[in-house]
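Trainee: Before we start, could you put the model up so that we can go through it together?

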Amino acid sequence: MSKILVTGGAGFIGAYLVKKLLEKKHKILIFDNLSTIGGIKYINKNCKFIKGNLENPNDVKKIAKWKPEIIFHLAAQSAGESAYSNPKNDYLSNGFGTYNLCVLAKKLNLKHFIYTSSVAVYGSNPEKKINEKTPIKPDSIYGVSKYVGEMFIDQELKKTKIKTTVLRVFNTYGPGENLNFLKKGMVSIYSSYVWRGKPIIVKGSLDRVRDITYIDDVVSVLCKTMHNKRLKKNEVINLSSSNSLTVKTLIKEIILASKKKNIKIVVTKSTPGDSKIFHTNNRKLLKLYPGTKFTTIKEGLKKYFDWINSLPVVKNLENYHPFKKVKFY
Ligand SMILES: NC(=O)c1ccc[n+]([C@@H]2O[C@H](COP(=O)([O-])OP(=O)(O)OC[C@H]3O[C@@H](n4cnc5c(N)ncnc54)[C@H](O)[C@@H]3O)[C@@H](O)[C@H]2O)c1
């Protein structure tokens with residue numbers, strides 16, 4: 001049993017991670033300012049919770065008393081497009097917020113600091129397949145701020161005894177994403193149009209390529225990271241299924257999974273900072289986490305639409321978080 005802090009634990013990936021860690025009998029503290037955009041907000045009742053902002057060092061200091069041994073740092077302004085409407089918030093949350101957490105980590109007897117970075121740090125790369133040695137060249141505000149987070153971890157924690165693992169997460173999807181928010185997550189955005197019975201509006205080319213990874217697989221890798229003896233002291237790993245699809249094929253699969261007919265697709269101009277290809281070979285991940293299996297696109301979208309089809313089309317999805325329906329404890 002470990003004492004684990006999950007920043008962003010009320011968000012999409014965070015809520016799943018917290019649930020899984022609780023099932024493994026760990027003690028959890030969630031730190032979150034509830035500005036969640038990617039997921040439907042969910043605070044697991046079996047955790048301690050601090051409502052706080054990472055940008056505020058005084059809020060961050062409140063964590064110290066609880067003495068976490070491991071930190072999963074997921075809290076972030078998590079959407080590429082939103083960073084353009086409020087770059088200051090993006091930079092402060094993802095950059096300065098991560099710095100504040102690193103400063104606190106050094107004062108704790110911390111064993112492991114695990115950070116969910118993003119594929120966005122690579123930017124649009126001419127290489128077809130990204131790997132961990134691909135040069136960092138973000139071409140979006142969000143990609144810059146997520147990399148600033150990585151740099152602060154490197155600068156502040158590399159020389160300490162704290163083990164650090166940076167997982168560069170690729171497009172993740174699954175039940176619990178906020179279908180009312182149309183600025184984050186390709187699968188969620190396109191599925192949202194289908195859910196609402198509207199034509200799918202695609203901002204940008206149908207030839208863009210993305211790896212998409214099912215939420216359970218992302219969370220399983222995050223959990224295995226804690227006690228993975230294969231990981232060196234400071235490790236950077238791409239977290240992706242390597243299941244790549246063009247936007248065109250992705251939409252075809254979404255429509256198939258939704259079982260709806262006659263859905264129109266409208267292509268409009270792309271959003272700033274959108275990249276052409278995000279695809280990795282995930283060789284390093286499979287070497288360090290042997291036996292890792294990934295959900296196929298068809299299986300993942302089936303589970304996703306089983307959930308979506310159970311939702312009424314409502315503005316506030318807070319009562320429809322997937323964990324509210326099932327009794328886990
Ligand atoms: N979902 C994806 O496809 C994806 C892909 C790549 C990387 N990531 C990364 O994974 C992490 C989780 O993403 P998600 O999809 O769950 O997003 P999310 O928006 O659902 O969750 C992020 C959580 O962080 C909290 N938060 C934001 N700023 C904060 C601040 N300043 N102080 C305290 N809490 C704050 C929000 O309230 C929210 O609950 C993020 O770090 C994101 O950059 C996600």
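**Helix packing and the ligand shell**

Mentor: This is a predicted model. The buried residues of H5 pack against helix H3 (82-85), helix H4 (87-107), S5 and strand S6 (163-169).

Trainee: Which residues of H5 are buried?

Mentor: Buried here means under 20% relative accessible area. By that cut-off the buried residues of H5 are Tyr142, Gly143, Ser145, Lys146, Val148, Gly149, Glu150, Phe152, Ile153, Glu156 and Leu157.

Trainee: What span does H5 reach from its first C-alpha to its last?

Mentor: H5 has 17 residues, and at 1.5 Å a residue 24 Å is expected. The span in the model is close to that, at 24 Å.

Trainee: Which element gives the largest share of the shell around the ligand?

Mentor: Helix H1 (12-23), strand S2 (27-32), strand S5 (112-118) and helix H5 (141-157) each supply at least two residues of that shell. The largest share is three residues, and it comes from S5.

Trainee: How many residues of the shell around the ligand are charged?

Mentor: The shell around the ligand holds 33 residues, and Asp32, Leu74, Ser78, Tyr142 and Lys184 come nearest. By class, 13 are nonpolar and 16 polar, and the charged ones number four.

Notes:
Residues are numbered from 1 along each chain as its sequence is written. This is a predicted model: local features need pLDDT of at least 70, side-chain atom pairs count only at pLDDT 80 or more; totals for chains, interfaces and linings use all residues. Side-chain values use heavy atoms; hydrogens and water are left out. A residue is near a molecule or strand if one of its heavy atoms lies within 4 Å of it. Helices (H or I, at least four residues) and strands (E, at least two) are DSSP runs, numbered from the N terminus. Ala, Val, Leu, Ile, Met, Phe, Trp, Tyr, Cys and Pro count as nonpolar, Asp, Glu, Lys and Arg as charged, and the others, Gly among them, as polar. The expected span of a helix is 1.5 Å times one less than its number of residues. Buried means under 20% relative accessible area, exposed over 50%, partly exposed in between (1.4 Å probe, protein chains only). Contact means heavy atoms within 4.5 Å.
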